[in-house]
Amino acid sequence: MSSTQVGQQNLRPSTVACSQDATVSEETLAVGDGGKGLAEGRASSSSPRLPVNSNAPSTTTTTGGGAGSTGLLPPISATTSKVMETDEQRKTHRPFAKISNFLSALRPRGGKQGEEKSVRKGSGRRRYVGNLPPIHPPQATPTCTTPLVTAPPTTPVRTSPTQPQQQQQQSPAKSQQPIIIRKTFQEFKDDATQAHSSGNFKILQEFYSTSFDSFYQLVGTFQEESSTTRNPTEHPGVAVQLLDAAYSELMELPQDIQKVVLRGIVNSLLQKDIKGPRSFNDLRAYFILMQNPQFSHVKTYVIFAHLIRHLAHLEDKEHQVLVGWMRRLPAVQFRDIVDRLLQFISVRLFPPKQDELPPLAKCGWWIPSATKVLALFNAANNICVPMKIPHSHFYNSALDHIDLMAEYMAWQNPATHPGFSFCQYPYILSIAAKRKILQRDSEHQMIMNARRSLVQKVQRRQMPDMGMLFLNLNVRRSQLVSDSVNEIMQKRGDLKKKLKVNFVGEPGLDMGGLTKEWFLLLLKQIFQPEYGMFTYDDKAHCYWFSSIKVDNYSEFHLVGVLMGLAVYNSIILDMRFPPCCYKKLLSPAVVPYGNPRARVGLVSLTVDDLQQTMPDLAHGLKELLEYEGNVEEDLCMTFQVSRTEFGIVRTMNLKPGGDKIPVTNENRAEFVQSYVNWLLNESIYHQFSAFYYGFHGVCASNALLLLRPEEVETLVCGSPELDMFALMRVTEYEGYSRADPTVKAFWEVVLFMPVPLQKKFLLFCTGSDRIPVGGMAEMVFKIVRINASLNMLPIAHTCFNQLCLPPYKSKKHLAQKLLIAIQNAEGFGLE
């Protein structure tokens, strides 16, 4: 997903109607209009782009009406209507014991006076809807092009509790707008200190109950003084320090006050129709409420779900504004909200108590709405440089336990499985979940190819054999590269079958170990500097494609096939490419169909990408951009560059007639960008194109669309970080026990080896020195006791990750034999 894209959900918007005798129960609030199951809340597989902000006219909600009209629930704030509580009643309101109590208390209590009859279509029943007071203040609500509007002088504003009592007790019935309490950060802290010292929380309760009673009051309370002079599309205009203090203090206050805040939030949400455009003030209110730490508790999830639903139903231009505001959140708060949304999804999928939440079938819109809101935070995170949190922080490991292939098939077939799928939002799927999808998809393709070969054999009336079900490669160690290229070119139609390797002249049955060694030896030979295919940078510790032109690029195609076979067969490789290589490998993620002239592997790269590939050259280009003198006179450079590889000097014009165009202070940025593009794209296009088609020739799967470049690298190369203590915890024993002296001595030797030796030990036992995607915990490692001569070296079965260990008498003897074995781990043999 790009930084400006989020998925869209086809959630059914609704308004909440209320009759004279209707009671809004907790279950009704939870279900809403979209609660017809998860399938009803599903979205299409397309993910429209978040457009830039544009002007949106505001809408004013009217109430009452004749037959067929639907009114909104009245706000709890004080008005002249009989159905509303007065300010005095709100002050003396008794705390609710449960959330469901105050949710039920939203029932209108007006009499018959002023009622109008309304007939629901098709029901045959007459319902009475009272004349509800207007939701918005008398003045028109500002549209999204208007900054936050401050309260007019006629509005009673409480700046501190020391104001005259007469002004504080001014009747709301005579006021044109709801009361807004304005406090500075220091005034609020003083009130909190005084309340805790005296034990009287009346001042704080009044502050919270009034501030959270409506969107208008909420925004007015936490308005930043300088908000009227700032661009509202770039800054939310919220007093961050005061808001943080208010939320931090709220969690330390008695439950009665916390419930008053939740009651006010319910009232505020019910005042807003879920459809239609929003003003900047509405977006500010949503932005403020999203940061409420109360929503970390499961008991508040019913309310939290409706807040999320409002956010999910905003228009694209409003989402764009919110994304811009989210990127300004401090990293700690940003992470807390993301964690809150992930926890909400996990608990909704796997509730700890079955009766703690409404049935999933009645609130299927919860998960799609939360996932879409999480997409906004992911978009905000992607446009931050550096990211506020790692992309892996958006992973939800709970999704590893659902039917991932059902999600994948629903995403693959929108015509037969319309609606929501987690694969529409790949940022939320962990790398383990994506690997499982990719492997299952690969296995399915392997089975289909093997079945097709079997059918062809039968149709030709030939005797089928087991070898036809596999990709069988027969290679000689002395001609490893040439034999591998020839075998792959001849059997390119079988690349999507299970791989089996046989070294000519060596006894052995490939159960995975021979395949691992073939990969290891082949890559080791191809990446040798004298082979001339790749250059190695000592500072970046990675390889890059040589730009020297050759007649045949089949060997680059072979490297791409090797990478694809490794992913296809779940083999971890030690391929040290820079991150930009994997960006290019996914550009595009699916090979253009029916367009042989399509240019692939081209992506916009910067000097920061060059920094990870050629650090010295990138450092020089950055100095050129920061040079304070006259570039043209002092450096005498043109748009012509030279590069030396393997003793060969290549000269290239970066633009037509570049050797005659001087680099100046004005065009040096263009020069740097052109140079980077030439190094990482144009000069190696044919080499990388062959590599690209080799990889995608094996791994042609829509599952690649789910992956980020960093995740492709992890799938191919695994993790370079060793944790031998984790390996010790998952090790199984046969003939030994954990308490056996030989086992204790073995781990004392291995755990305190230097890292290079630990990698050689892992290579000796498993055929690879890399760690799987899930870490050591996913490895299957077994130590087997063999009753052989104590002069015998340890034996490894790399196909099964087994180490056969004689019962050596001393730790020194064990260390000596193990060291000899791991330093001479090449070749296979059978006794």
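**Helix packing, sheets and backbone features of the predicted model**

Helix α11 (residues 301-312) packs against helix α14 (residues 366-382) at an angle of about 60°, and their axes lie 9 Å apart; axes are lines fitted to C-alpha atoms, for helices over the stretch in contact, and angles run from 0 to 180 degrees between N-to-C directions. The helix α11 is therefore oblique to α14, given that angles under 35 degrees count as roughly parallel, over 145 as roughly antiparallel, 65 to 115 as roughly perpendicular and the rest as oblique. The crossing of α11 and α14 is left-handed, a term used if the near helix is turned anticlockwise from the far one by less than a right angle. Residues of α11 in the contact (heavy atoms within 4.5 Å) include Tyr 301, Ile 308 and Arg 309, and those of α14 include Trp 366 and Val 373.

The structure is a predicted model, in which local features need pLDDT of at least 70 and side-chain atom pairs count only at pLDDT 80 or more, whereas totals for chains, interfaces and linings use all residues. Residues are numbered from 1 along each chain as its sequence is written, and side-chain values use heavy atoms, with hydrogens and water left out.

The protein contains 30 helices and 14 strands, where helices (H or I, at least four residues) and strands (E, at least two) are DSSP runs numbered from the N terminus. Of the 831 residues, 50% are buried; buried means under 20% relative accessible area, exposed over 50%, and partly exposed in between (1.4 Å probe, protein chains only). Among contacts between residues at least 6 apart in sequence, 75% join residues at least 24 apart.

Tyr 208 belongs to helix α6 (residues 202-211). Tyr 208 counts as buried because its relative accessibility is 0%. When residues up to four places away in sequence are not counted, Tyr 208 touches several residues, among them Phe 188, Leu 250 and Val 261. The C-alpha atoms of Tyr 208 and Gln 258 are separated by 8.6 Å, although these residues are 50 apart along the chain.

An open sheet of four strands has the order β11-β12-β14-β13, with mixed pairing; two strands pair if DSSP finds at least two bridges between them. Strands β11 (732-734) and β13 (795-797) stand at the edges with a single partner strand each, so one side of each lacks a neighbour in the sheet. On average, neighbouring strands of this sheet are turned by 20° against each other, direction ignored. Three bridges pair β11 with β12 (residues 782-785) in the parallel sense, and Glu 734 stands opposite Val 784 in β12.

Elsewhere, strand β5 (residues 470-475) is joined to strand β6 (residues 498-503) by six bridges, and the two run parallel. In a regular strand the side chains alternate between the two faces of the sheet. In β5, Leu 471, Leu 473 and Val 475 form a covered face, while Phe 470, Asn 472 and Asn 474 form an uncovered one. The bridge partner of Asn 472 in β6 is Lys 500.

Most residues other than glycine have a negative phi, and most peptide bonds are trans. The bond from Val 385 to Pro 386 is cis, with omega near -5°. A cis peptide bond also joins Ser 587 and Pro 588, with omega about 0°. His 541, which is not a glycine, has a positive phi of about 55°. His 541 lies in the loop between β7 (534-537) and β8 (542-545) and counts as exposed at 51% relative accessibility.
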